[in-house]
Amino acid sequence: MRKLSVRERGMLACLAVVAIISGYILFFHMPITQKIESLQLEVEQAEALDAQLDARLLKQQKMEQELAVLAQKGNTIHQMPKYDNVQMVMIELHRILTNAYEYALTFQTQQGEDNILRRYVTIPFTCGNYQQAKDILLQLHNSPLRNFLADLQVVQNEDGSVHTTVVMAFFEYNKSPVKDVEETETTE
């Protein structure tokens, strides 16, 4: 075995230094840098989620204050019914529409925002005169079930009877989204 020259020993020392630096960068510096970046991303996501939750909490507290003010004024507060409330909707509509000569109900369900389900009901009905139609519409509007009148058409027939078509939306709370639109029809 021969002895290494000074030049060869210098080259080996340089190679060892390069190998140590490369090993440090490859096995220590890069994994730590990647871990720091992923942790920073998690922190940013957590901060964004915290901001969203703070905004929701603020909104909820504001709504609770509004409800407390309404309760102090003596207003009755109706809770939104849980899904599937179609039976109660049908009972309420049949009760209100008993004075109509004839009517039909067509239901269509649609998922809204924040698990709020809108159940649209198309109600064509015929009654004796304009005042009866107005009374039925007021009862529909003032129903204790959460709703709004979406569309309304009133036509007076030649015999004096009034044919009215109203589209209403009833609201329900649904924990899981509805995948399909369901349609049912009832006629009386």
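This is a predicted model: local features need pLDDT of at least 70, side-chain atom pairs count only at pLDDT 80 or more; totals for chains, interfaces and linings use all residues.
1. The cut-off for buried is under 20%. Its partner is Arg 95: the two side chains meet in a salt bridge, with 2.7 Å from N to O. Arg 95 has 48% relative accessibility and therefore counts as partly exposed. Glu 92 and Arg 95 both sit in helix α2, which covers residues 86-96. They are three residues apart, about one turn of the helix.

2. Mean pLDDT for the protein chain is 85. Of its residues, 86% reach 70 or more. Among the elements, helix α1 (residues 6-72) has the highest mean pLDDT, at 93. Strand β5 (residues 183-187) has the lowest, at 52.

3. **Overall layout.** The protein chain holds three helices and five strands. Read from the N terminus, the order is α-α-β-β-α-β-β-β. The chain has 188 residues, and buried residues make up 24% of them.

4. **The other salt bridge.** How many salt bridges does a search of the whole structure find? It finds two. Besides Glu 92 with Arg 95, Arg 2 forms a salt bridge with Glu 8. Their closest N and O atoms are 3.0 Å apart. Arg 2 is exposed, because its relative accessible area of 61% is over 50%. Glu 8 is partly exposed, at 28%. In general, side chains of opposite charge can pair when their charged atoms come close.

5. **A nonpolar patch.** Which residues make the nonpolar surface patch of about 980 Å²? They are Val 17, Ile 21, Tyr 24, Ile 25, Leu 26, Phe 27, Phe 28, Met 30, Ile 32 and Ile 36. Phe 28 lies in helix α1. Its relative accessible area is 44%, so Phe 28 counts as partly exposed. Tyr 24, another patch member, has 45% relative accessibility and is also partly exposed.

6. **Aromatic pairs.** The count comes to two aromatic pairs. In one of them, Tyr 24 and Phe 28 are tilted, with 5.3 Å from centre to centre and 35° between the planes. These two residues lie in helix α1, four residues apart, about one turn of the helix.

7. Phe 148 lies in strand β3 (residues 147-156), while Phe 171 lies in strand β4 (residues 162-173). The pair therefore ties together parts that are 23 residues apart in sequence. Phe 171 is buried, with 19%.

8. **Cysteines.** How many disulfides are there? The count comes to zero. A disulfide would need two cysteine sulfur atoms within 2.5 Å. Cys 127 is buried, because its relative accessible area is 0%.

9. **Two loop residues.** Ala 100 lies in the loop between α2 and β1, where β1 spans 102-111. Ala 100 has a relative accessible area of 11% and is therefore buried. Its C-alpha atom is separated by 10.0 Å from that of Asn 129, which is 29 residues apart along the chain. Gly 160 lies in the loop between β3 and β4. At 23% relative accessibility, Gly 160 counts as partly exposed. Where does Gly 128 lie relative to Gly 160? The two are 32 residues apart in sequence, and their C-alpha atoms are 6.9 Å apart in space.

Conventions
Residues are numbered from 1 along each chain as its sequence is written. Side-chain values use heavy atoms; hydrogens and water are left out. Buried means under 20% relative accessible area, exposed over 50%, partly exposed in between (1.4 Å probe, protein chains only). pLDDT is the predictor's confidence in each residue, from 0 to 100. Patches are made of residues with over 30% relative accessible area and no salt bridge: like charges are joined within 9 Å, nonpolar side chains (Val, Leu, Ile, Met, Phe, Trp, Tyr) within 5 Å. Accessible areas come from the Shrake-Rupley method with a 1.4 Å probe; for residues, only the protein chains shown count as cover. A salt bridge is a side-chain nitrogen of Lys or Arg within 4 Å of a carboxyl oxygen of Asp or Glu. Rings of Phe, Tyr and Trp (its six-membered ring) pair if their centres lie within 6.5 Å; planes under 30 degrees apart count as stacked, over 60 as edge-to-face and the rest as tilted.
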